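Open the model in a viewer and keep the selection tool at hand. The stops below say what to pick and what is there.

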Amino acid sequence: MKRTKSNPASETSRNDSIMNFEKMSDQQIWEIANPIMDNLMDASTHIDHVRHVRNFTERMRTIVTPEYLQHVCQQYQSEKGYFSERVPVAVFRRPNSVAMVWKQSFTKVPGEFVAEMVLVHQNGRYLVDHAMVF
């Protein structure tokens, strides 16, 4: 079996991510995640693509085009209304990311929905690598 040399740059990046998520308290993670999610939801309400994607990874930016955001926002706003109360539920730590789940309400429909977001740490910033409300 051939051994390959490790990549110090990727190890540093991985270790940086581990240090930033695995050693943080839930409270510290919520303090980072809530303002990011607030921005996502407010920018979504206003269908403001530039603001909506400002904390996205490059992978997410390629998925959430201005046309995609407009379509998704118009659909949920006509069916469910706007985002209203959001309550933190859980934090899930992974080696290179953290996932958060909130209980989410809308203005037009009753019931509880799920809002989720996955954050990664890249180049000294916390970035959204996945987000969804269902």
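Begin with strand S2, residues 97–106, and S3: eight bridges join the two, which run antiparallel. The model is predicted.

Then move to the connection. The hairpin of S2 and S3 has six residues between the strands, and Gly111 there takes a positive phi near 105°.

Stay on S3 and colour by accessibility. Is the strand enclosed or open? Eight of its 10 residues are buried, so S3 is largely enclosed by the rest of the structure.

Gln122 has Arg125 in S4 as its bridge partner. This second hairpin has two residues between its strands, and Asn123 sits in the turn.

Select Asn123 by itself. Asn123 lies in the loop between strand S3 (113–122) and strand S4 (125–133). As background, most residues other than glycine have a negative phi. Is Asn123 buried or exposed? With a relative accessibility of 82%, Asn123 counts as exposed, because the cut-off for that class is over 50%.

Next, go to helix H2, residues 26–45. H2 has 20 residues and reaches 27 Å from its first C-alpha to its last, close to the 28 Å expected at 1.5 Å a residue. Which of its residues are buried? They include Ile29, Trp30, Ala33, Ile36, Met37 and Leu40, and also Asn39 and Ser44.

Select Ser44, which is in helix H2. At 6% relative accessibility Ser44 is buried, because that value is under the 20% cut-off. Show its surroundings, leaving aside neighbours within four places in sequence: Ser44 is in contact with His52, Cys73, Tyr76, Gln77 and Phe83.

Past the end of H2, select Ile47. Ile47 follows the helix and has a positive phi, near 50°. Its place is the loop between helix H2 and helix H3 (49–52). At 28% relative accessible area, Ile47 is partly exposed.

Now turn on side chains for the charged residues. The structure holds eight salt bridges. In general, side chains of opposite charge can pair when their charged atoms come close.

Select Asp42, Asp48 and Arg51 together: salt bridges link them in a network.

For the last stop, select helix H4, residues 58–63, with Arg61 and Glu58 shown. These two residues are three apart in the helix, about one turn. They form a salt bridge, with the closest N and O atoms 3.9 Å apart. Arg61 is partly exposed at 32% relative accessible area, whereas Glu58 is exposed at 59%.

How values were computed. Residues are numbered from 1 along each chain as its sequence is written. This is a predicted model: local features need pLDDT of at least 70, side-chain atom pairs count only at pLDDT 80 or more; totals for chains, interfaces and linings use all residues. Side-chain values use heavy atoms; hydrogens and water are left out. Helices (H or I, at least four residues) and strands (E, at least two) are DSSP runs, numbered from the N terminus. Buried means under 20% relative accessible area, exposed over 50%, partly exposed in between (1.4 Å probe, protein chains only). The expected span of a helix is 1.5 Å times one less than its number of residues. Two strands pair if DSSP finds at least two bridges between them. Contact means heavy atoms within 4.5 Å. A salt bridge is a side-chain nitrogen of Lys or Arg within 4 Å of a carboxyl oxygen of Asp or Glu.
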